[in-house]
Structures are given as C-alpha cells and as structure tokens.
Amino acid sequence: MKTTRRKHWGWGRENEQLPHEQLRAAAVTVSQRLGFGEHEPARPVELSEVALPDPRLRPTADLRPICLTDAHARARHAYGSSYRDVVRGFQGRFDHPPDVVAMPGDELELERTLEWALGAGAAVIPYGGGTSVVGGVEPEVGDRFDGTVTIDMTRMDRVLEVDSTSRAARIQAGAAGPALEAQLREHGMTLRHYPQSFEFATLGGMIATRAAGHFATLQTHIDELVESIRALTPAGPWESRRLPGSGAGPSPDRLLIGSEGTLGLICEAWVRVRPRPRFRSSATVRFAEFSAGAAALRELSQSGLNPAGCRLIEAAEAALTGAGDGSSALLLLSFESAAFETGAALVTALECCADHGGSWDAGGAGGAGEDHASGTWRAAFLRAPYLRDLLVAIGVLSETFETAITWDRFERLHAEVVTRTTAAVRDACGAGSVTCRITHVYPDGPAPYYTVLAPVRIGEELEQWDLIKRAAAEAILAAGGTITHHHAIGRDHRPWYDLQRPEPFAAALRAAKAAVDPSGALNPGVLLDSPGPAGRAAR
C-alpha cells in the first residue's frame, strides 16, 4: 500500500489532516476547555506559496537517484517537531532548508553520500524521523559551509538478524517504531521501547538522542538496550564488539549514545530484545495532593517492585486530558511480564499507595486491560503531537520541558520551576498554565515533565516561548537538575548544556570530535561549536 507523504510543516501525514470544518469544531471545544484560543483556526501557508532559496549543491550523477531537491523534501527536512519548528513551518518560514536531502538505502550508498558531501564542503545533518524537539536536525550551520546535505536514514529500515538465543537483534538505524516492532513480532520479540514519538522515531535517532521510552522504571532509556553500534565517520567506520558487558575502558557505545550525529552516522545496532508480554495488571490511583503521590512514587521506586508504568499526573493536567475530573492527582500504575502473572505485584504496589493516602476503584485494579482513566490518558498522550498542530492554528502556545533530580531535592526544584515558569508565562502571555507529570522514576529520584499552555500574540510566538523557556531552564539548573532527561540537547539546549557539563569533559569531547570529524561537518552547532575553517576552499 502506498504511503502518503509526511506534512511539510507539522506532525503526521498529509492525508491525516482533518477537514477545516472538523478543525473548527475541535477548536471551539479546545478553546473552551483552556479558556483561551481562537474559535476559527488559521490555515497553514501552502507550500506552493513558499519561496525556498535555490539549492547550492548538485549531487554527483551516481547519487542523483537517491537525492531530493524538491520543495517538499527540503521544507520537511528543515525542521524537527518542536513548538518553534511547527510555528515556523505553519507560517511558511523555512530559514535554513537543506540544499539536498539524500536517502541512502544501504551502507554503501551512505558511505558514498558522506564522501561526496564532505568533498563538496557541505555540512551533514543526520535525520531519522524528524521528531527532535530541541532543534537537533535544523540545518542552521552558519556561513562556514558551502551548503547543507541532510541524510535521511529511513530507507535503511530492516531488522537484519534476530539472535533468539541471546535475545538480541541487529537492526538498521532508519527503522521506525511500528515497522521495527512488526518485524520483531514475527520472532515473538519486542524491543519494548516506546517514546511518545514512536510512530516516526527511528532506532538510530533514539540512540543518538538517548531517548527514553514509555516504561517508567528499570530500562527507561535506550542506553540499557544497546549491545553494540556501527557508525560511519569521516575518519572511517566505528563499530564496537558485540558483548553483554565489558570493562575494557570507556565504552565506545556510550560515546555514540547521545552524540546527536556529531561523531558519526549510526548505520545499525545490535539491541537487546525480549519475548512479548503475556500478563498485565494495572490500576489508576487517586491522591488528594500531588506531593502525596510523589511520596508513594519514591517508595515504589525503592521497593524493588519495578512497575512497567508508574506515571503521576497532576490533577489539572489529568483534567485537561480527560483522564480525571481535576480533583485528584492520578498515578497510572501497571505491571507486565512474559513469564509470570503480575497481579500479586500490583496488590503490593497498591498497599504502598494506600499508605500514602491513595485510593482506587475496587473494580479498576488487577485486570488484564487498562481502566478508563489509563486508557484515556494514553490516548491523549499519543494524540498530543497531532493536537499541537491544532493549538498552533488557534493561537495557543503548547510546549513541554523535562528534567531529573534526586528525591532529596525534588520538592525544592518542583516549587522553583513552577513558580518561575508560571511567572514567565504571565509576563509573556498574560495567562496560561504550567502543569506537571512525573514520567520516569528511579530509586534515587524522579523525572518531572512540565507542560505549558498559553495564549499567544500572532507574530510574537517564538519570542514569547523563548522568554518562558529561559526562565524554566534557569530554574532547573539553579535547583541542581539536568537541562534534559530525554529530549536531548540539539541547538535549543546548548546554552544550559554548556553550563551543566564539566569543562574537562567538554575539552575531551572536542578532542574526540576533532579526531573523527576534523572539519566539523557533522551536525555543526549541536553539542559543540565546529572547530576551524570549513567549506570547499579550506580543503
């Protein structure tokens, strides 16, 4: 079946865009629930009305069959999926489109593309599903290069091998979540990694950004699932030995994980897989206060029960998604296993919640399926990227940020972040809300995730969000948190990442970058500033 192409400005495919009449009806409902936003949604600028600059580069004859220079390909690859990206795309603003979009189908084509791009003096932007929310794939590279080549990895999308004995699979970097899982399902296996961007996120992108999945404890990040990685760099291939673990010095995989395309283009990886789960139990627990739910989370995270799902949602956010009525914070609790019944673990977890004032419906715990609140929230969670397109159309700022902190400092961080971000929302927008959910928990601390919703002044959206983002980021770092738990660094988080990392480590990272990418052509501006001159004239 033919796949409809992706929208050039927002989330999803072109055939998934609702008719304007349905958008108008949804706009009325959403704006009434929020208390702000226009009832008449604006229309995105048609691509036919956008004038992109002419491409500065021409691929060689042998690469032309896998290269695109049409307006749609260049516009779609100009941005990721942040609020800033969607707003600019909606308004027809494509400030830094790539000159060429290359789509290699195998490693040989990838190698030839990289060689040509470097020889042409181009910056090279690795691109997976385009789901970055921090400016990680935007070709904003300055004037040091003679052009930009975005390398889209999505044609390299196959599961190449499955080792059922060791429970591992060798998978190409461009495999997106649904196709990856469909191929593993044929072997009765799953990667069990479900980020919110699962529909389009690729394995290589997950590895390059240290993505976190939907599961809230134990193997939360892709890090724990990687067995070995193969990447191409300007200095040659980078491939680690496939092992369950090794004490042989600093890990080559750990250096690539989170490197965001700055050290090499990830081609494939061996990843740990597992049998698909057969047993599930879940419950939704209500807490009168968010703080009581957080106390229950801490005990659960330190209990050794290790629930698969353990998300605490503030009452106001639960109401916005329809999962609750706004009177209680909700803990969405779930267990799953491929080997044993999970009901006993859920019973023990609920006893822990009861100790902290939690309550639940007697018929809403222990069953194999989701209860109403969990199912409603999960549906809203998966629809959120689609909903944001509508929010942009009705003049609503909708964006998120996240962090992680140890339990002893969480209360202070949470209070500071909410207070300072709320003040910034009011200063920038006049009204709005800042809500929180805890998405992942560890024995030593939680990962709180914040959502901002506010009215905007058309034409000033980016400045409004920048003011809010700056206040939130400064509050996070001042309280000892990390600038990101799983959204990566990209270009948007660079100022605070530079403050967070130790300078000797930054120097070591710069040295590694210079060794494998001496011209600084790989995703310049992400993680590091590019060293020295570039462009064809410098070669």
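Buried residues make up 56% of the 539 residues in the chain. The structure described here is a predicted model. Its secondary structure consists of 15 helices and 17 strands. The radius of gyration is 23 Å, close to the 24 Å that the globule rule gives for 539 residues, so the chain is as compact as a globular protein of that length. Along its principal axes, the C-alpha trace spans about 70 × 55 × 50 Å.

Contacts within the chain were examined by their separation in sequence. Of the contacts with a separation of 6 or more, 74% are accounted for by residues 24 or more positions apart. The accessible surface of the chain comes to about 22,300 Å², and 52% of this surface belongs to carbon and sulfur atoms.

Helix α13 was examined in detail. This helix covers residues 461–478 and has 18 residues. From its first C-alpha to its last, α13 reaches 26 Å, close to the 26 Å expected at 1.5 Å a residue. The buried residues of α13 are Glu461, Leu462, Gln464, Trp465, Ile468, Lys469, Ala471, Ala472, Ala473, Ala475 and Ile476. In general, an α-helix has 3.6 residues a turn, so residues three or four places apart point the same way. Leu462, Trp465, Ile468 and Lys469 are among the buried residues of α13. The cover over the buried residues of this helix includes two strands, β15 (396–402) and β17 (445–455). It also includes the helices α3 (83–90), α12 (407–429) and α14 (494–500). Just after α13, Gly480 takes a positive phi of about 95 degrees.

Arg84 is placed in helix α3. Its relative accessibility is 19%, and residues under 20% count as buried, so Arg84 counts as buried. Leaving out residues up to four places away in sequence, Arg84 touches Leu462, Trp465, Asp466 and Asp492.

Val141 lies in the loop between β3 (123–127) and β4 (148–152). With a relative accessible area of 13%, Val141 is buried. When neighbours within four places in sequence are set aside, Val141 is in contact with Ala123, Ile125, Thr148, Arg491 and Pro524. Val141 and Thr190 are 49 residues apart in sequence, and their C-alpha atoms are 38 Å apart in space.

Two further loop residues have a positive phi without being glycine. For Glu260, phi is about 55 degrees. Glu260 is located in the loop between α7 (252–256) and β10 (265–272), and its relative accessible area of 9% makes it buried. For Asn306, phi is near 50 degrees, again a positive value in a residue other than glycine. Asn306 is found in the loop between α8 (290–301) and β13 (309–313). Unlike a buried residue, which has under 20% relative accessible area, Asn306 is partly exposed, with a relative accessible area of 31%.

Methods
Residues are numbered from 1 along each chain as its sequence is written. This is a predicted model: local features need pLDDT of at least 70, side-chain atom pairs count only at pLDDT 80 or more; totals for chains, interfaces and linings use all residues. Side-chain values use heavy atoms; hydrogens and water are left out. Helices (H or I, at least four residues) and strands (E, at least two) are DSSP runs, numbered from the N terminus. The expected span of a helix is 1.5 Å times one less than its number of residues. Buried means under 20% relative accessible area, exposed over 50%, partly exposed in between (1.4 Å probe, protein chains only). Contact means heavy atoms within 4.5 Å. The radius of gyration is taken over C-alpha atoms; the globule rule is 2.2 Å times the number of residues to the power 0.38. Accessible areas come from the Shrake-Rupley method with a 1.4 Å probe; for residues, only the protein chains shown count as cover.
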